[in-house]
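Please look over the sequence and the model shown here before reading the notes on its sheet, helices and cores.

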Amino acid sequence: MAKKIMVQGTMSNAGKSLIAAGLCRILMQEGYKVAPFKSQNMALNSYVTEDGLEMGRAQVMQAEAAGTKPSVYMNPILLKPTSNVGSQVIVNGEPVGNMPAREYFEYKKSLVPEIRKAYDKLAEEYDVIVIEGAGSPAEINLKDNDIVNMGLANLLDAPVLIVGDIDRGGVFAQLYGTYALLTEEEQKRVKGFIINKFRGDASLLDSGISMIEEKCKVPVVGVIPYADINVADEDSLADSLNMTKTASVKAGTDSGDSAHSSVIDIAVIKYPRVSNFTDFDVIRTASDISLRYVSHASELGNPDMIILPGSKNTMGDLMWLRRNGLSDAILKLNENEEKKRPVIFGICGGMQMLGNIISDPDYLEEGGEDQGLSLLPIKTVIRKEKIRKQDSGLINDIGGPLEVLSGLAYSGYEIHMGRSEIVRIRPEKTEDHEDVPVVINSQNVYGTYVHGIFDHPGIMKSMTGALAERKGITINTGYEDYAVIKEREYDKLADIIRRHMDMDFIMQILNENK
């Protein structure tokens with residue numbers, strides 16, 4: 001059986017995902033065959049594997065760090081929130097339905113055999129499994145049915161490291177309080193504490209470290225500095241998301257004015273159920289682009305490009321778009337003279353919102369029928385069966401400001417419950433129905449179902465070059481392959497952890513536990 005180690009945290013966003021990714025990378029560098037594992041992930045960012053199954057992006061990122069292919073066994077349960085009190089439940093890559101929180105709380109214990117089966121599949125193939133918890137193991141109201149923190153550690157007999165976030169303050173209280181709320185048996189599983197996101201002189205922590213080690217009889221095995229690491233984040237758009245999230249969502253001016261002569265201003269609409277915002281991580285790597293997230297009409301300004309990203313509740317987010325005035329603001333900008341209109345690009349749910357009609361006959365989201373922004377000639381019907389597939393090829397011929405993308409190679413994946421088709425009205429009032437191509441285009445407005453379409457360097461170079469030319473400026477368009485960038489960032493992450501964590505102690509834990 002594989003060796004294992006588990007990374008838990010004092011809270012969400014303490015840095016578990018990137019600590020686990022860094023350990024995956026280090027162990028891979030040491031010659032081990034490594035896999036990540038998270039029994040249950042709650043996130044709106046997801047990915048489709050080669051066999052058409054859906055899993056959380058955090059474990060995809062960790063698999064990339066480990067140099068292995070993502071597998072749904074690495075994340076057997078994925079929860080995708082559809083509202084404040086319910087989620088779509090995905091088991092082994094397949095949706096099993098939408099459940100309110102109370103129903104899922106009662107249901108999840110029945111998934112333990114699936115969790116065990118997935119872990120055992122990985123343990124047969126890999127030398128080491130790096131396991132990630134979720135939230136905090138000290139949520140005492142949830143411990144009875146826990147399948148992702150200490151409940152999972154007990155099931156797998158895994159040693160545990162607990163990560164605390166010093167950037168939010170009170171890290172010693174976080175660590176001590178978490179440890180104190182564990183049972184005696186659970187406390188025995190805790191082999192080390194990690195203080196994360198530290199800024200300043202680490203020697204100033206010495207007295208606190210001595211005290212927490214004395215009180216808990218658990219060593220602090222690492223003080224990890226805050227650093228800029230550009231890898232895919234899981235579940236927040238805040239400036240400081242995980243261990244080393246850079247504040248590289250570069251802010252525009254308060255008005256969103258794109259008059260700066262040396263930068264392209266791209267505004268991404270941040271609605272409540274935004275999904276797969278990792279589609280834009282590649283854009284953040286470009287120093288000549290300002291990428292900002294917009295939640296209110298007053299923030300929109302006059303950007304060069306507006307992106308409507310994916311959504312887990314397209315109809316609900318469309319209603320939100322109208323209520324807060326963003327739909328009117330987008331439509332008003334689109335009334336400018338041709339060369340002053342922004343390029344508008346919708347991905348998945350965002351493309352559906354740009355169409356004429358969205359229909360939900362089975363009440364999977366809001367039910368009924370709603371009118372979109374009517375900037376693309378498409379109609380969408382939301383169906384129970386979800387389309388999940390990887391996709392690659394050449395972009396079809398398109399016109400408008402981004403016609404340079406025609407014929408370029410792309411790759412990515414599709415995850416959607418909507419079925420869209422182009423509907424055109426003939427002069428005699430009959431309708432023509434056509435399949436939606438890879439990229440649909442109407443003047444300055446574009447849409448696609450393909451997540452990750454911007455990742456290819458040829459697309460990024462051509463798209464930003466076209467935006468710059470339209471603006472009358474010249475920018476640096478020598479974009480590096482995003483896959484190469486990520487490999488370098490994983491190595492950087494591993495180097496930081498090697499320098500600031502007691503890796504000899506970590507290896508000792510691994511060798512003592514199989």
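The report below treats a predicted model and takes up a sheet, its helices and the nonpolar cores in turn.

## The six-stranded sheet

Six strands make up an open sheet of mixed pairing, arranged in the order β15-β13-β16-β18-β25-β24. Because β15 (289-294) and β24 (440-442) each have a single partner strand, they stand at the edges, and one side of each is left without a neighbour in the sheet. On average, and with direction ignored, neighbouring strands of this sheet are turned by 20 degrees against each other.

Within this arrangement, strand β18 (residues 343-347) pairs with strand β25 (residues 445-448) in the parallel sense, over four bridges, and I344 stands opposite V445 in β25.

## Helices on the sheet

Helix α12 (residues 326-333) lies across β13 (264-269), β15, β16 (305-308) and β18, and runs at about 140 degrees to β16. Helix α14 (residues 457-471) also packs on the sheet, where it touches β13, β15, β16 and β18, its direction making about 115 degrees with that of β13.

## Nonpolar cores

In the largest nonpolar core, which has 71 residues, I269 and F454 are those with the most contacts inside it, while α14 gives the most to this core, contributing six residues. Nonpolar side chains tend to be buried together in soluble globular proteins.

When neighbours within four places in sequence are left aside, the residues in contact with I269 include V274, V294, L300, I306, I307 and L308, as well as W320, L326 and I330.

Note on methods. Residues numbered from 1 in each chain as written. Predicted model: local features only at pLDDT ≥ 70, side-chain atom pairs only at ≥ 80, totals over all residues. Heavy atoms only, no water. Pairing = 2+ DSSP bridges. Helix = DSSP H or I, 4+ residues; strand = E, 2+ residues; numbered from the N terminus. Axes fitted to C-alpha atoms, helices over the stretch in contact; angles between N-to-C directions. Contact = heavy atoms within 4.5 Å. Core = buried A, V, L, I, M, F, W, Y, C linked by side-chain atoms within 4.5 Å. Buried < 20%, exposed > 50% of the residue type's maximum accessible area, 1.4 Å probe, protein only.
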